[in-house]
Amino acid sequence: MNQDLYQFALRLADTSLTMGQRLAEWCGHGPYLEEDVALTNVSLDLIGHAQMFYQLACDNSETSTSPDDLAFLRDVPEYRNPLITELPRGDFAYTTLKQYFIDVYHLHLYQQLSVSSDEQLAALAQKALMEVKYHLSRSEAWCQRLSLSTEEAHEKMQKALDDLWFYTPELFETDESMQRLMTASVIPDMGAIQTVWQQQTEQLLEDCQLAKPENGWMATGGLVGEHTEHLGYMLADMQFLQRAYPGCEW
Amino acid sequence: MSGLTARQVLAWLQAVKDPEIPVISIQDLGVLQAVEITNEQIVVKIIPTYSGCPAMYVIQDEIRQTLAEHGQHEVDIQLLNTPAWNTDMITARGRAAMKLYGIAPPISASDQVIQCPQCGSEKTTCISQFGSTACKALYRCESCLEPFDYFKCHA
């Protein structure tokens, strides 16, 4: 069970860390000052969640490790995030829609995890949930504002949806390790999470007058460490300091 | 730690303020959860406000520094994940200090009118959901036209 929980904690932490890192890239590039601040504040929350879940992974690890080691010293094949969170940040519409998809995913996942049979995981999920609710109210409002405003903004949102939609089913993938955790009521049934996620997001897409793309290619690979080329570049940037100056603190 | 009481330590720690809002103590903010005195050391239990709040590092340094000024060097600071911090943990004294400082204190979600901390007007508009820090939102008063920070309700 410890090994399974270790792997699942990495899945949660890697997802939040890669989301947070991409949002942090907006620092100084936001569409206007207040939004610049908002993007980086959400980033900070997500990196905080990553740190909590890396600590959970460390507590369930068979070897001695630290949250910093897990974030800065693992290479691409050891990362467990779904591909959607490592994609380049794109334009503001793309960032906004991706944030909305992940916020809805986190909302339902953390709601269920907050009643996990693992007390530590439940406590962390409760803490993260409070912040995710606020992120969602922001990303949802932005989706509506952009989609229902000018033709150009609507077009950009539709383009973002066409690009992102096929990355979303991977969020709900499971492997044998996660299935054991599901059986033990440590984590919820991911299929049920997918159902509520779909209902909620499809309603918003309809409200935003965005057309859901036809079924096509579906992204997969994060759970087994098979990533896009983008993660390598992200890690090179993010991990540079620890790789160049091992053990460096500031 | 003979003779030293948790009450005394709590009184000393009133001097430790939130680095972002230097008028409210970590005790009134709800960050400081407990002080325990063992045979060997002072145990200080704190919780983070927001998960990624960078002020937590500064707060830990300041707790150590404050206790050192009172000759206490054996200090164990524990950063807890539970209970999850929420704005109901902010004391009445903390809210009053915040308002005097020009920040609208948090109100419960059911009561949505946010008063201007400068003139008391209830005609206020949200400019941005995130203000100068993660815990605040940016508002503007439509009566006196002053912008102000609102300490968000977090529960």
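1. Chain A and chain B bury about 1800 Å² between them, and 60% of that area lies on carbon and sulfur atoms. This is a predicted model, so the values in this note describe a prediction. The size of an interface is often given as the accessible area lost when the parts come together. In terms of residues, 20 of chain A are in contact with 24 of chain B. On the side of chain A, the residues that lose the most area to chain B are Lys127(A), Met130(A) and Tyr134(A), which together account for 36% of what that side buries.

2. Chain B deserves a description of its own. Its secondary structure comes to 4 helices and 7 strands, and, read from the N terminus on, these elements run α-α-β-β-α-β-α-β-β-β-β. Taken along the principal axes, the C-alpha atoms of chain B fill a box of roughly 55 × 25 × 25 Å. The chain is divided into domain 1, residues 6–85, and domain 2, residues 103–151.

3. How far apart are the centres of domain 1 of chain B and domain 2 of chain B? Taken over C-alpha atoms, 28 Å separate them, and the contact takes 5 residues from domain 1 of chain B and 6 residues from domain 2 of chain B. The area buried between these two domains is about 440 Å², with carbon and sulfur atoms giving 83% of it. Glu20(B), Ile21(B) and Tyr50(B) supply 78% of the area that domain 1 of chain B buries against domain 2 of chain B, which is more than any other three residues supply. Across this interface between the domains of chain B, the rule finds 0 salt bridges.

4. The largest pocket has a volume of about 1500 Å³. Of the 39 residues that line it, the closest to its centre are Ile47(A), Gln51(A), Asp68(A), Phe72(A) and Tyr57(B). In chain A, the helices α1 (2–24), α2 (33–59), α3 (67–72) and α9 (229–244) each supply at least two residues of the lining, as does α3 (55–69) of chain B. The largest share, 8 residues, comes from α2(A). Sorted by class, the lining has 23 nonpolar, 12 polar and 4 charged residues.

5. Side chains of opposite charge can pair when their charged atoms come close. Over all chains, the structure holds 12 salt bridges. One of them joins Arg74(A) to Asp14(A), with the closest N and O atoms 2.6 Å apart. Because Arg74(A) lies in the loop between α3 and α4 (92–113) of chain A, while Asp14(A) lies in helix α1 of chain A, the pair ties together parts that are 60 residues apart in sequence.

6. Two points of backbone geometry may be looked up in the model. In chain B, the peptide bond from Thr82(B) to Pro83(B) is cis, with omega near -5°, and Pro83(B) lies in the loop between β3 (75–79) and α4 (92–100) of chain B. In chain A, Ser185(A) has a phi near 60°, a positive value in a residue other than glycine, and Ser185(A) is found in the loop between α7 (176–183) and α8 (190–207) of chain A.

How values were computed. Residues numbered from 1 in each chain as written. Chains lettered and ligands numbered in written order. Predicted model: local features only at pLDDT ≥ 70, side-chain atom pairs only at ≥ 80, totals over all residues. Heavy atoms only, no water. 1 Å grid on protein atoms, 1.4 Å probe; cavity = no way out; pocket = protein on both sides within 12 Å on 5 of 7 lines; lining within 4 Å. Points joined across faces, edges and corners; volume = space filled by probe spheres on them. Nonpolar A, V, L, I, M, F, W, Y, C, P; charged D, E, K, R; others polar. Domains from an automatic or database assignment. Contact = heavy atoms within 4.5 Å. Buried area = accessible area lost by both parts, 1.4 Å probe. Salt bridge = Lys/Arg side-chain N within 4 Å of Asp/Glu carboxyl O.
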